[in-house]
Amino acid sequence: MSTTTAEEFFGVYEQANRDFDVQLIAKLYADTFMFGTPQGVQAIKKDDFVKALPRRKEFMKTAGLLSSRLDSVQASPLDSKYVLVKTIWDMNFRAHNGCAVTRKTSATYVLSSISDTFEIVFQLDHQDLMKIVQDLNTAAPTSINER
């Protein structure tokens, strides 16, 4: 079993994404993993995922994403090898009108214990990030820090 906790793992994950450390992000995923969204689930090869990361980062930057911060991590062991982890994220955007907007998003992961850490074998994003971005560009926030 891993000596790293799920909270520590996601602290590294959050920092790797903040720094856009592609090599570290890649180390956090299995060679093939499942990725789910409200539209469905697909198997992803890590190499393909890593190649798509720069495009994804550019899209999110263009969409006004300023930062993503981990709000909470709730881990539940499934057995001696796998852990189910529910996360909540604060995604901070600059809306089209210049206002800062924070959206809470959630994702559930299944981590597999490898050596003294974990790797992501399943990631389920519970909301459609494209729709969030679209809504931000059509709705007028009522305050500077709308939630």
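How do the residues of the lining of the second largest pocket divide into nonpolar, polar and charged? Keep that in mind while the tour sets out. What you have open is a predicted model, in which local features need pLDDT of at least 70 and side-chain atom pairs count only at pLDDT 80 or more, while totals for chains, interfaces and linings use all residues. Residues are numbered from 1 along each chain as its sequence is written, and side-chain values use heavy atoms, with hydrogens and water left out.

**First stop: helix H1**

Select residues 6-19, which form helix H1; helices (H or I, at least four residues) and strands (E, at least two) are DSSP runs, numbered from the N terminus. Now colour Ala-6, Phe-9, Phe-10, Tyr-13, Glu-14 and Ala-16, which are buried, meaning under 20% relative accessible area with a 1.4 Å probe and protein chains only. Seen down the axis, the buried residues of H1 fall within an arc of 165 degrees, so they line one face of the helix; the arc is that of the directions from the helix axis to the C-beta atoms.

**Second stop: Phe-93**

Move to Phe-93, which lies in strand E4 and counts as buried at 1% relative accessibility. Among the residues that Phe-93 touches are Met-60, Leu-65, Val-101 and Leu-136, where contact means heavy atoms within 4.5 Å.

**Third stop: the pockets**

A pocket is, on a 1 Å grid over the protein atoms alone, an open set of points where a 1.4 Å probe fits, with protein on both sides within 12 Å along at least five of seven lines, and its lining residues have an atom within 4 Å of a point. Select Asn-17, Arg-56, Leu-65, Ser-68 and Met-91, which lie nearest the centre of the largest pocket, among its 28 lining residues. Helix H3 gives the most to this lining, with six residues.

Then select Phe-35, Thr-37, Gln-42, Arg-56 and Asp-125, nearest the centre of the second largest pocket, which is lined by 19 residues. Here too H3 gives the most to the lining, with eight residues. The opening question can now be settled: this lining has ten nonpolar, four polar and five charged residues, where Ala, Val, Leu, Ile, Met, Phe, Trp, Tyr, Cys and Pro count as nonpolar, Asp, Glu, Lys and Arg as charged, and the others, Gly among them, as polar.

How values were computed. Buried means under 20% relative accessible area, exposed over 50%, partly exposed in between (1.4 Å probe, protein chains only). Lists of a residue's contacts leave out its neighbours within four places in sequence.
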